Amino acid sequence: MGTYRFETMEDFMKAQLRRYVSVFLLFFAFLCGAAAVTHYSIPEEMEAGSVVANLATDLGLDVKTLSRRKMRLDIISSKKYLEVNKETGELYILETMDREYLCSSKTATTCFIKMEVILDDPVRIFNIEIEIVDINDNAPQFRRDTIHLDISESTPAGERFSLSNAVDPDIGSNSIKTYYLSESEHFDIEIQTGRDGSKFADLILRRVLDRETQAIHNLILTAVDGGVPARSGTASIIVRVLDTNDNAPKFDKDSYKINLMENSPIGSLVVKLNSTDLDEGLNSDIVYSFSLYTSEKTQETFHLNPDNGEIRVKEMINYEDFRIYDMEIIATDKGVNSLSGQCKVTILITDMNDNHPEISIKSFSSPVKEDIAVGTVIAVVSVSDKDSGENGQIDIDISDELPFTLKESSDNYYELVVSEPLDREKVPEYDITFTVTDRGKPPLSDNETMTLELLDINDNVPQFPQSFYTIQVVENNAPGALLSSLTAHDPDLHENQYLVYFIIEKEIANTSMSMLFSINPENGNLYALKTFDYEIEKEFLFHIEARDSGVPPLSSNVTVHIIIMDQNDNTPLIVSPWRAHGSVVEEKIPRSTDKGTLIAKVIAIDTDSVHNSRITYQFLQNTDATLFSLDQYNGEIRTMRMFSYRDSRHQRLVVIAKDNGEPSLSATVTIKLSTVETALKTYADLTEVPLEYDIFSDLNLYLVIGLGSVSFLLLITILVTIVLKCQKAKPSKAAPPCRNSVISERNSTIADSTLVSNDAYWYSLFLAETRKGKLVVRQPVPKGARYIVSSIPRSTGLTETSDSAASTLQASTTTSSSSS
């Protein structure tokens, strides 16, 4: 409430008066409205928003004044489930109502919600009563889903058992109407009505129960209400039938006949009797016992287990003493009024094969040689058995995998004979097991094992793992170096196995193999006796023999191929340009030489193998790197440009020739070039016009020309001779190379029609000039055995080749190379 302040006492008195009038009018309106109650009935579970009635119409109110008069609902003692629309005067559902929740008392037949409709100015109060009508919205439900009953199988028919009833929150016709029981030949129900009108059912036993036939009965009890449509609920009834001792123990068979072997072990099972009792608990627990009709001898010989009915041997049984045992066994249950059953047991004793056959070795030869003849007798054995009949009949056997067979010589005597050739290297000894078995049931057997040892003979040739050995040996090896171990194998024994190794003598170039190689006679280790040079000797082929020490000895041999592997042990030899003295070559060239002109060609040879003898060329020193170029593969030195006035008159070139070995070996040559201003004719140009030495024999021609011409020719010849000796000529495209240049051909035919092999390089060098032509030295690689000297005619360029040992030319070339 707010706080009001009054300025005068008069104002305060007027306000109090107005308050009293209002209270009076409100009380008067209440008294007038109490006499009339507006009643409505609605079903439960109506949806929210559903209209119940139009209060404005039913109460005679002006719809337009409802908002101004502040129309409102006042629900008494209940949650506000309804509301009035002040615009239309409609009473509508605000929240769904559940009659069972609002009126939980089962005894209440009606359920009301009371409320007041209050309006101001003037104040009016209307009493509204809403009856909630029940609908069938609840199904019957049992307090327990499962009902357990224990009923003895001795219970008489007609016995009645109370069952838990179902409940239904609905009232009237919507409550429980009746019960139904699932189909059963033993049970039925009777429906009872309580004082309050509730329904419940009793279970009636219509037929006597038998636990042994059916121990558990499962029933379904259904409660159905009277609503439309009807609803129902179910509960399971489990009836457990309690047992009574109404069944006697019963054996599987009334009588048993059992065959038992004599000498059966004490404690062995004879038979396990099985007696069943359909009852349960103590009524089905069975105790076994001998009856009074069972003899004392039988009870002393056999033991009966009272709990499980097992009959076991108690004493040793002898067929000769007692052959048949009769007994009567009684099975009794442990019920209060015990019941029993019995059966007869007859035990027949069977004679058994209780004597083992015996084997005796009368003769045995061991050891024997492995080449013993097939059919030779190596042993004689005899067999016996104390039993009679089939128990005394004996069979003797040995393994089928053995190279022996048994032959019967007389009654119960057998001979062991060799049936296959023997080989000690495959099987050095045999364990021969003789097995004897009688024909009793069950059969008895015995065995005897003897060991046959084989003596070795020399019947195996030594064998090498390989028939051909290839051994690679690097040249310059140390004398006495181990090359390989050639070991043979001989499966024989002792002296037949001891091997001795030999080199089969073979001469190569009047040299015996034993001078080059040695083999250890005991272990086959092969050694080199000398240092090999690849450039002289490249391979050897010989045989090695392995011989055993048997009598007579046996042997085999193997081929050995020794391949000498090259080392880079030869320094390249520079054979061009030709150096008469020392390692410096001096040449003169015109300053007018064109770009790309061949100045010189460096050629080196190497007597190593193809891989190690491949030569590459490099400048170690070059006065002007822009003036000359060197081809690293063919050694050609050419001008890269023309000479200028700034270039020095003297050029110094140092060329190194390196082979392809590891490590690489090399040789060097120094070329001093001097430039001259006068352009002289090259040696190649001179060779284009053949020097006709025969012209001096034609006197008639010179007499015509005159003395002046002779003098002029003489002067020219002298000048040309000087130039050829002091200056390297410029090459011509069509002419042969000048002095100190090289003719190099590969995979082609040389002028003398000699075919160069595909894997060889030919090198040529002009060493001198003769009247007939130019002298050429050529070295083939990798043959490397000698030089070939050829003569190239001056006029034709063809080569006349003569084969000669290097002799003086070779020696001079070698001396020149070493000096470089």
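**Exercise 1. Find the bridge partner of R160 in β14, then work out the sheet around it.**

*Step 1.* Start with the residue itself: R160 has I204 as its bridge partner in β14. Keep in mind that you're looking at a predicted model, where local features need pLDDT of at least 70, side-chain atom pairs count only at pLDDT 80 or more, and totals for chains, interfaces and linings use all residues. Residues are numbered from 1 along each chain as its sequence is written, and side-chain values use heavy atoms, with hydrogens and water left out.

*Step 2.* Now the strands. A strand is a DSSP run of E with at least two residues, a helix is a run of H or I with at least four, and both are numbered from the N terminus. Two strands pair if DSSP finds at least two bridges between them. β10 and β14 (residues 199-205) pass that test with three bridges, in the antiparallel sense.

**Exercise 2. Describe the largest nonpolar core and what L55 touches.**

*Step 1.* Buried means under 20% relative accessible area, exposed over 50%, and partly exposed in between (1.4 Å probe, protein chains only). A nonpolar core is a set of buried Ala, Val, Leu, Ile, Met, Phe, Trp, Tyr and Cys residues joined through side-chain atoms within 4.5 Å.

*Step 2.* The largest core holds 28 residues, and L55 and I130 touch the most other members. Elements that each supply at least two residues include β1 (37-43), α2 (55-59) and β7 (124-133).

*Step 3.* Leave aside the neighbours of L55 within four places in sequence. Its contacts (heavy atoms within 4.5 Å) then include Y40, M71, V84, V117 and I128.

**Exercise 3. Classify the ring pair F517 and F540.**

*Step 1.* Rings of Phe, Tyr and Trp (its six-membered ring) pair if their centres lie within 6.5 Å; planes under 30 degrees apart are stacked, over 60 edge-to-face, and the rest tilted.

*Step 2.* For F517 and F540, the centres are 5.5 Å apart and the planes stand at 80°, so this pair is edge-to-face.

*Step 3.* Place the residues: F517 sits in β39 (residues 517-519) and F540 in β41 (residues 539-548), 23 residues apart. Both F517 and F540 are buried.

*Step 4.* Look around: ring pairs join F517, F532, F540 and F542 into a cluster.

**Exercise 4. Is D594 buried, partly exposed or exposed?**

*Step 1.* Locate D594 in the loop between β44 (584-590) and β45 (598-601).

*Step 2.* Its relative accessible area is 37%, so D594 is partly exposed.
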